[in-house]
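Look at the sequence and the structure first, then read the points below.

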Amino acid sequence: MSAFVMPSLGADMEAGTLVEWLKRPGDRVERGDVVAVVDTQKGAIEIEIFEAGVLDRILVQPGEKVPVGTAMATLRSNGAAQEPEPAPPQPPPEAPPEPERPPPEPPPEVPPPEVPPEITPPPEQPPVEVPEPEAKGGVRVRISPAARRRAAALSLDLARLRGTGPEGAVTLADIEAAAVARVSAPPSGRAPGVGFDPAAMRRAIAAAMARSKREIPHYYLTQTVDLRRALTWLEAANRDRPPTERLLPAALFVKATARALRKVPELNGFWEKDAFRPGAGIHIGWAIALRGGGLIAPAIHDADRKSLAELMAALRDLVQRARTGGLKSSELTDPTITVTSLGERGAETVIGIIYPPQVAIVGFGRIVEHPWAVDGALAVRPVVSLSLAADHRASDGHRGGLLLAEIERLLQKPEAL
Amino acid sequence: MTPVRITYRECCRQAIREAILTDPRVFLMGEDVGRYGGCYAVTKGLLEELGEDRIRDTPLSESAFVGAGIGAAMAGMRPIVEIMTCNFSLLALDQILNNAATIPHMSGGQFAVPLVIRMATGAGRQLAAQHSHSLEGWYAHIPGIKVLAPATLEDARHMLKAALADPNPVLIFEHMVLYNMEGELDPTIEAVDIASAKVRRRGQDITLVTYGGSLFKTLDAAAALAQDGIEAEVIDLRSLRPLDVATVVASVAKTRRVVIVDEGWKSGSISAEIGMRIVEEAFFELDAPIGRVCSAEVPMPYAAHLEQAALPQPATIAAAARSLVGPA
Amino acid sequence: MTKVHLDHAHNLHLLKEMIRIRRFEEKCFELYQAQKIRGFLHLYDGEEAVSVGIMQALAPQDAVVATYREHGQAIARGIPMTALMAEMYGRREGCCRGRGGSMHIFDRERRFYGGNAIVGGGLPLAVGVALGDRMQERGSLTACFFGEGAVDEGEFHESLNLANLWRLPVLFACENNLYAMGMRLERAEAEPDIHKKAECYRIPSEVVDGMDVVAVEAAARRAVDSIRAGNGPYFLECRTYRFRAHSMFDAQLYRPKDEIEEWKRKGPIVRFQGWLSENALLHADELERIEVEVAAEVDAAVAFAESGTPEPVEELERFVLMDAVPA
């Protein structure tokens, strides 16, 4: 027993209406015989059967519209007896009830197909007010994507910014200017130019440091470095220099750190989007404390390639410009690592907090005289405590240790720096 | 090697000549390419030198001779079909889109269509509405073909060879105002690629992206901007399909501002596509909205002042750039 | 002198080829209604003599360009039924990896340049293939099949003109089945004698009884001989009829049923088979053997298609651009 189904006559034919049966139950049919007429959106089409057999039971009556693939009649193979009347099949939902053999009269009432309930659109709702996070007083900030991203990195409060871009949009330049103004504001608190208060700087530092501790898994290494050779060399080198050009230990510290990073490049760069991105060059961020509180660490570009004299000049220049508000935005965004040195009045050891997105911070404490073992005997040497705080996502202690070892080694050969 | 003074037209001509002399599969066919010497005199003298088999004058039957180019390419030749101007290419659009662009994919990779179609394009000579279209952006919408816009002498001289070596249908659009352009051909360039954009002028303040006939207007605009201390970086797209978005994005990452200059009508033009790609790939680099300078949405008028008003000009390009650099 | 060599083997060959096409088309008709074949399907029932007759005159190095009603040409040219059926099932094993379907059959090995869904779109292609072949001195010709509807498209005129202007080896084979979809010939043609249009381009032409496979073969041989002798293109107007609708979803409101029945009575298979039988050139068991073999071939094609695999979606963009011209 097989079924004769409503055929698909076209890609866009979904259903057909049976118009007329041209064969009756009991008729023998051959492959290719036209057995029915079906009405479609294109007109009435005769349909053929593809099996030979005897038409058994009609399942769809003239006038009925059924989807493509619906069984319209059953076919039994030649010679098979007519099957006994089966129990009335479970009617599919929405189909008309299975009729008894209807009298050859008008076709049975075809109940109208169930129409799905009218889908009414939801009533007009007033647009939900989504408060703009940065806006104060409900005003949206016109700001470029680049500026917005940079402001977030600097934890800048957008609401207080005035823009100089097209139609008053806040641009990158405005952000950089705001960042610089924030850190170089005089302690009196009067707002120069852009309108901000010094407490904002404290808040910004707080936000950055808190984020660093929250997100960066720090590990720490320390080393004590004998500076006798370095200081002796410095003294000799400075003998021939005017006071304004005298080299300070800071220059040696920066140069040694920069050169050492060539050997351990995974400490020189940024952690971004779950991956380390090496810095394009070695740009040491030099931590400068500002009067009245506050810290800024602008870049000395390509510190590994500058001579000690150039480095010293750069350090002096940066400190001066940091205190007078003349730093360039690239100097603020370019450091690939930070070096902090407490100088003569600091503690013996400083262990820093990494400035994100950097992955390391190197610290130098105060130079002190300490007992030191030399060839098995006790001596006194000027030493400095050297520390590394590094991002464990980007490096391991072994690599960090290599950096410190290399810094120490370079500081033993100051003439080669 | 001493630099040679040469016109863009002569570069096209030498490219065709060299291709035919070096590859027996290459031939050129199109309207008036032979006896007439080419509508823009590109093929002058080539019929006499290369013969009727290789330089074929066709009847005015764009659909037939473009389709014939497709069939000949499928049968193993490397035809260059010249459609006099892109304005007439509409008559062959069915062959280009439904056959050339489609048969390789539709046949499951059985047939390639290594065909080159060259067309003159653009406006600026008061040829009025039916002879002034810039349809290269339209064609760049179609997968299965490549679309080139040589603007420089070197590209006019060398892009054809690369196009003929490509197994895919390549459309080359030559802006008609460039044919007379004369300059020194760089002798160190012996070949060019047909996929990359090139930075024609370096700058750090704003990126100007353009192609074809608009390149020189854009360079003029850049010179004017430099007077005001705005250094524009000018990118010549060279290929409209595929688009070298990476070069554009690298420039925008540096300058953070961009204006796209396109002689097509603004709506739905290739400038819209480029702008969207920049948004997709360099959104966070942008420090200003993306600007566009395109042709006015009018059928190109005949009167000179109206035509010039409808087209991109150095002044309008510079003004668009200035508006993005902001009230400094 | 062109003669068709009607020995026993050739007779059986002609008959079997037409029956192969007919049974294949009948199976496609059934499978479409069972939703195995989708899209548009244009069946060739009734026109078999045209493809079969013309293919007898072609050589393997010749090229064929056809239309969206190209199953007859494809089968007569030797493209396996398996590849055709799998193509219509959208399988990777189809001749075009399932990319083209019924309307876009391509076969590189047999120089079958499609299947084209644009009426008239293949004529310029055929002119080009002929041009390329001639320039490479292949000694081949291109048979270009199209319906009478195509003669209204500009491409027809452009292509005939160009083909004869350049004396290209093209056999223009017009299958005039009287209906361009629903448009009867007289309602579309100011000049309903199709072959006269070829004369306007000074192309030698013939009108052929497209229901007589022997007449078609004879005319094709005359055409091919002329073309191979370097006389330029040749035009055959083959008068035929399609027994099925234009495509599957067509109520055929535009033609009367009795007209169809009348043409079926003088259909190509009925006529040739009848003629062979009347002249004792065909034995009943030979016919039965043909039918059995063809049925098996068709069934095998369906089984092949049923067990086929879809092309991986990751390959969607493959061949948009080619890396190289296939050797």
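A polar contact is a pair of N or O atoms within 3.5 Å; within protein, one of the two must be able to donate a hydrogen and the other to accept it, and residues adjacent in sequence count only if both atoms are side-chain atoms. By this rule, chain C and chain B share 17 residue pairs in polar contact, counting pairs with both residues at pLDDT 80 or more. The model is a predicted one.

**Chain C and chain B**

- The contact involves 43 residues from chain C and 43 residues from chain B.
- Between them, chain C and chain B bury about 3500 Å², and carbon and sulfur atoms account for 66% of that area.
- The number of salt bridges between chain C and chain B is 0, while the number of residue pairs in polar contact is 17 (both at pLDDT 80 or more).
- On the side of chain C that touches chain B, the elements giving two or more residues are helix H5 (122-135) and helix H6 (154-165) of chain C.
- H5(C) gives the most to this side, with 9 residues.
- Sorted by class, the side of chain C that touches chain B holds 23 nonpolar, 9 polar and 11 charged residues.

**Chain A and chain C**

- Here 19 residues of chain A are in contact with 16 residues of chain C.
- The two chains bury about 1500 Å² between them, with 54% of it on carbon and sulfur atoms.
- Leu9(A), Lys42(A) and Phe50(A) supply 35% of the area that chain A buries against chain C, more than any other three residues.
- There are 3 salt bridges between chain A and chain C.
- A salt bridge joins Arg31(A) and Glu30(C), whose closest N and O atoms are 2.6 Å apart.
- Strand S5 (residues 43-48) of chain A gives the most to the side of chain A that touches chain C, with 6 residues.
- That side of chain A consists of 9 nonpolar, 5 polar and 5 charged residues.

**A sheet in chain B**

- Strands of a sheet pair through backbone hydrogen bonds, either parallel or antiparallel.
- Chain B has an open sheet of 5 strands in the order S9-S11-S10-S13-S14, with mixed pairing.
- Its edge strands are S9 (198-201) and S14 (291-295) of chain B, each of which pairs on one side only.
- On average, neighbouring strands of this sheet are turned by 25 degrees against each other, direction ignored.
- Strand S13 (residues 258-265) of chain B pairs with S14(B) in the parallel sense, over 5 bridges.
- Ile260(B) has Arg292(B) in S14(B) as its bridge partner.

Terms used: Residues numbered from 1 in each chain as written. Chains lettered and ligands numbered in written order. Predicted model: local features only at pLDDT ≥ 70, side-chain atom pairs only at ≥ 80, totals over all residues. Heavy atoms only, no water. Contact = heavy atoms within 4.5 Å. Buried area = accessible area lost by both parts, 1.4 Å probe. Salt bridge = Lys/Arg side-chain N within 4 Å of Asp/Glu carboxyl O. Helix = DSSP H or I, 4+ residues; strand = E, 2+ residues; numbered from the N terminus. Nonpolar A, V, L, I, M, F, W, Y, C, P; charged D, E, K, R; others polar. Pairing = 2+ DSSP bridges. Axes fitted to C-alpha atoms, helices over the stretch in contact; angles between N-to-C directions.
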